[in-house]
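Please open the structure in your viewer and keep the sequence beside it. The stops below are meant to be selected one after another.

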Amino acid sequence: MWYLCVFYHRLLDYRKSEFESLADLFGAFGDKRSSDFNTQDKVLQWRLPKHHHPDSPFHFVHLPYEDVARKIANRSILVKGIYELWGEGNDFEELEEAVKSYPDERKLPYLEYESTFKITVDSFGKVLSLQEQNERIQGLSYIPFKGRVNLKNPDHNFWLMETDENETNNGLPPVVKRRIFFGREIGGADRKLIPMYQLKTRNYLGPTAMDAEMAFLMANQAQAAPGKLVYDPFVGTGSILVSAAHFGAMTMGADIDIRVVRDGRGPDCNVWSNFKQYGLPMPIGLLRADNNLPPWRPGLKEVFDGIICDPPYGVRAGGRKSGGRKLLKGIVSPYTVPDDKRADHIPSTAAYTLVECVHDLLDLAARMLVMGGRLVFFYPVLREDGSVETHFPEHPCFKLVATSEQMLSSRYSRVLLTMVKTSLYTEELALAARIKHLEFRENHLKWLENGNLHSSVFSPADAESGDSKVSKESKLKYRGKYV
């Protein structure tokens, strides 16, 4: 059945990928236990309303059951609501004709005497006064509502939504013609999560703590759910694991800096206190571990249902691996830390390039994810002379199912990659992965191999052009998916 999906107008490139991940989680594509991951066509059918821009918040989506639509809407961060559409039109006369022609067997169960209802008027691209909203509600008198109005806790929510005739330069996607929708709400996002988990109220923070909204999006992409085990190999202060734990997943993390995972800023200000702050289940373990030298025993495979992380790629923090410069160069020999110094010992580390980091992450995920498990991580993209580098890392064990880009500056963006494990890890695939990695390293941009984006991101390239003033007109232009 076709439903009207209304998105929040933000993070436009993330909307459909989050929606489709949740659709897969809640069974929109059939039996998730099937082992035929490669041939399953897990793509939803989408279409736009008439005269709407692709970045419009209004989309039609085909879903098999209403229960699936409700679960997606209630779990999503970017879906404002999903509605059973009773009618649409360019004006109220056309809307009335469409609503009256909608099948009675679909309408009458929600118009009974015993039920309560509420009508909400909403608009996109303009603001309606209270008087205008009341006039629009009174104009729906042709719908035979028999129940009582209940504004606080109704049995059924109905929405009247309209778009403005917007061809002006106001920063929103252009709308050629006005469109009005009326429908019954199936479900809607709980945006209260965002202020509840916002970073400014977080007990323990670090310079790379993930924004709450983005952390929830990553957890949805990884399909975090009760009974699943989610791992973050670059856990830091635990922001990503907090979002996964909110959705009921068991969590586990690791970081190379023992001061972060063990000490924090004291007994009441550490990673554990972040979970305690929100009343969430504690992680089953936090490890001091180096992703370049995995701590797992030989033969251990397929433990995690999801791996979610924000690898260090040299903008806010650079990657580190065990060893130190002298040890890696062979100036000093490997040593054993005496027992009496182990409690306070902080191992020496060396620079960890992004190429190494990504290769080790893919190898870890190929070994430790269950079949169908998801790897979700951010990957940097540098724009030179207007061109975009889109050569993403690959692994023969994985299928790339979603890419969502977030523009952070005129020259730099980050892309959220979502990969699904489709093949069992074997030595043959490990060798093939190594070959792909060498090709990837050889053909990629030089800044990636060096693993240092900081100078590229923060270099005063814009200032060199001499055009320091930007006209107000250019600021008003529609900003597309980078909102």
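Predicted model: local features only at pLDDT ≥ 70, side-chain atom pairs only at ≥ 80, totals over all residues.

Start with L11, in the loop that joins β1 (2-7) to α1 (15-25). Look at its backbone: phi is near 45 degrees, a positive value in a residue other than glycine. Most residues other than glycine have a negative phi. L11 is also buried, with a relative accessible area of 6%.

Next select Q223, which sits in the loop between α7 (212-221) and β9 (229-232). Q223 is not a glycine either, and its phi is positive, at about 60 degrees. Its relative accessible area is 3%, under the 20% cut-off, so Q223 counts as buried.

Now show α1 and α7 together. How do the two helices pack? Their axes are 8 Å apart and meet at an angle of about 40 degrees. The two helices are therefore oblique to each other. To see the contact, select S17, E18, S21 and L22 on α1, then L217, N220 and Q221 on α7. Of the residues in this contact, four are polar, two nonpolar and one charged.

Finish at α12, residues 354-368. Its 15 residues should span 21 Å at 1.5 Å a residue, and the end C-alpha atoms are 21 Å apart, which agrees. Is this helix enclosed or open? In α12, 12 of the 15 residues are buried, so the helix is largely enclosed by the rest of the structure. Colour the buried positions to check, among them C357, H359, D360 and M368.

Definitions and conventions:
Residues numbered from 1 in each chain as written. Heavy atoms only, no water. Helix = DSSP H or I, 4+ residues; strand = E, 2+ residues; numbered from the N terminus. Buried < 20%, exposed > 50% of the residue type's maximum accessible area, 1.4 Å probe, protein only. Expected span 1.5 Å × (residues − 1). Axes fitted to C-alpha atoms, helices over the stretch in contact; angles between N-to-C directions. Parallel < 35°, antiparallel > 145°, perpendicular 65-115°, else oblique. Contact = heavy atoms within 4.5 Å. Nonpolar A, V, L, I, M, F, W, Y, C, P; charged D, E, K, R; others polar.
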